[in-house]
Amino acid sequence: MFVSADEVTRSLRGTAGLIGRRPDALRHFDVSERGFWRSFGAIWLTAPAVTVALFLERGAGAAPFQLDHITASVVAGLLAGFLAVPLAMIAVLRRLGRTRAYVPFVVVTNWCLAAGLLALTLPGCLLLLGLATPDLAALEASAFLVVVLWLHARAARAILGLPGPVAVMVTLACFALVAGLAGGAHALV
């Protein structure tokens, strides 16, 4: 599923607005049923992250795209990351009595995940180019991760109408689910 350039621009503008604490940031996202399904097309924005991950897995001198278990594990991890939260949040939001927030939450989560993976490409590129040590790249990636988690917690708080600490717990649970399934997919394949 491909998304239009206009939709990508609007969604990334909304993501940047969340980072900048703009009160109108959420209005940039298409939270209609069509926008819900198209938000899964944000996965295409993660192509640079997949490429960098494959280079890091194989080594800088090897061809990144090969039909083998390494490519399958990276792609499976990516797919698990994009499917885990929407599936889990069906039950969670029903239990919280916030089913109307499901579509906006998933749309914003998908775009935040894509933007976050895109941002995490930078430390990997610096490492591959020899412009960063592994420790420095890990520190940079950790800093980007903190920003992405903060961004998601802000969105969760605004969309779900939760107090700050509860929104942080929801974000950390979503992150743990994504990381756990992505790591599990990586380990299994």
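**Close-up views of a predicted all-helix chain model**

Figure 1. Thr171 is placed in helix α8 (residues 164-188); helices (H or I, at least four residues) and strands (E, at least two) are DSSP runs, numbered from the N terminus. The model is predicted, so local features need pLDDT of at least 70 and side-chain atom pairs count only at pLDDT 80 or more, while totals for chains, interfaces and linings use all residues. Residues are numbered from 1 along each chain as its sequence is written, and side-chain values use heavy atoms, with hydrogens and water left out. With a relative accessible area of 4%, Thr171 is buried; buried denotes under 20% relative accessible area, exposed over 50%, and partly exposed the range in between (1.4 Å probe, protein chains only). Apart from residues up to four places away in sequence, Thr171 touches Leu149, His152, Ala153 and Ala156, where contact means heavy atoms within 4.5 Å.

**Figure 2. Helix α7 and the residue that follows.** Helix α7 comprises 27 residues (134-160) and reaches 38 Å from its first C-alpha to its last, close to the 39 Å expected at 1.5 Å a residue. The expected span is 1.5 Å times one less than the number of residues. Its buried residues are Ala137, Val148, Leu149, Leu151, His152, Ala153, Ala155, Ala156, Ile159 and Leu160. Among the buried residues of α7 are Leu149, His152, Ala153 and Ala156, which Thr171 touches. An α-helix has 3.6 residues a turn, so residues three or four places apart point the same way. After α7 comes Gly161, with a positive phi near 65 degrees.

**Figure 3. The cysteines Cys112 and Cys174.** Zero disulfides are found in a search of the whole structure, a disulfide being a pair of cysteine sulfur atoms within 2.5 Å. The closest cysteine sulfur to that of Cys112 belongs to Cys174 and is 11 Å away, which is too far for a bond. Cys174 likewise is in no disulfide, its nearest cysteine sulfur being that of Cys112. Cys112 counts as buried because its relative accessibility is 2%; Cys174 counts as buried at 7%.

**Figure 4. Arg21 in the loop between α1 and α2.** Arg21 is located in the loop between α1 (5-19) and α2 (33-39). Although it is not a glycine, Arg21 has a positive phi of about 60 degrees. Most residues other than glycine have a negative phi. Arg21 is exposed, its relative accessible area being 54%.

Figure 5. Leaving aside neighbours within four places in sequence, Phe65 is in contact with Val50, Thr51 and Leu54. Phe65 and Val50 are 15 residues apart along the chain, and their C-alpha atoms are separated by 9.7 Å.

**Figure 6. The chain as context for the close-ups.** The chain contains eight helices and zero strands. Its C-alpha trace spans about 50 × 35 × 30 Å along the principal axes. Buried residues make up 41% of the 189 residues. Of the contacts with a separation of 6 or more, 67% join residues 24 or more positions apart.
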